[in-house]
Amino acid sequence: MPESSPSFEQVVRFRRSVRKYLDRPVEPEKWEALEMAAVRAAEALDLQSVKFVFIRNPENKRKFALAAFSGIAGKINPWLLTTKAQGFIVLAGNERKIGDDLDNPLYLAEAAMAMEAVILQAAELGLGTCWMGAFGERKLNKVLKLPEGIRIVAISPVGYPPQAGPRLDWDTFTRQAVSKSRKPLDQIHRFMDEDR
Ligand SMILES: Cc1cc2nc3c(=O)[nH]c(=O)nc-3n(C[C@H](O)[C@H](O)[C@H](O)COP(=O)(O)O)c2cc1C
């Protein structure tokens, strides 16, 4: 990512999932910018289904990481236990509020839009994040004291990534295995008005 004022295209192009963080505090105004990105994301029908939680206090971070690592799904993310991330973001939605009468689970889309807005805002500010869909939901619900019907859609650490360079870690592995093997355009997209 270019150091100063990356364009939107550069933010989207150069953002990468970050699982290794520097032990460097994130400035309060940057936290605030992330909060505002979540607040400003689109919502269907103005029902205010999206809930987001920021976790920054060291003791709460520790409890949160342990809960996220719980269960079978949580074990996908062992790096959580030793992370130096400065905090976590949780995006959740109310599945009952707008999911009952529709096959399309809108709360998922709402929370996902808010998380993507936060992730791109973080990238613009030079911060790292990692969209995480694998976590111990039951324990996280307890730690976060979420009310009935609120489902966690995604969580992410937040912090400063290390300088780019060769390293043997999860980030290097996933960049080789996933980021560099994106399918070409013609395999994932077609024009409705073109015969193919
Ligand atoms: C829906 C979803 C769930 C994901 N869950 C996890 C996760 O639990 N743990 C993790 O380390 N990465 C997770 N990722 C991040 C992907 O592994 C990552 O996007 C992929 O490695 C490509 O890397 P990039 O984001 O740097 O391009 C998830 C991504 C998505 C879109």
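Predicted model: local features only at pLDDT ≥ 70, side-chain atom pairs only at ≥ 80, totals over all residues.

Visitor: Which residues are the closest to the ligand?

Guide: The ligand is surrounded by 14 residues. Of these shell residues, six are nonpolar, five polar and three charged. The closest are Arg 16, Ser 17, Gly 133, Ala 134 and Thr 174.

Visitor: How many helices and strands does the protein have?

Guide: Follow the chain along its sequence and you read α-α-β-α-α-β-α-α-β-α-β-α-α. Counted up, that gives nine helices and four strands.

Visitor: What is the radius of gyration of the protein?

Guide: For 196 residues, the globule rule gives 16 Å. The protein comes close to that, so it is as compact as a globular protein of that length, with a radius of gyration of 18 Å.

Visitor: How far apart are the end C-alpha atoms of helix H2?

Guide: Helix H2 covers residues 28-40, which makes 13 residues. At 1.5 Å a residue, they should span 18 Å. The model agrees, because the end C-alpha atoms are 18 Å apart.

Visitor: Which residues of H2 are buried?

Guide: Let's start from the other side of H2, where Pro 28, Glu 29, Glu 32, Val 39 and Arg 40 are exposed. The buried residues are Leu 34, Ala 37 and Ala 38.

Visitor: What do the buried residues of H2 pack against?

Guide: Their partners include one helix, H6 (106-124).

Terms used:
Residues numbered from 1 in each chain as written. Helix = DSSP H or I, 4+ residues; strand = E, 2+ residues; numbered from the N terminus. Expected span 1.5 Å × (residues − 1). Buried ≥ 20, exposed ≤ 12 C-beta atoms within 10 Å, placed from the backbone. Contact = placed C-beta atoms within 7 Å. Near = placed C-beta within 6 Å. Nonpolar A, V, L, I, M, F, W, Y, C, P; charged D, E, K, R; others polar. Rg over C-alpha atoms; globule rule 2.2 N^0.38 Å.
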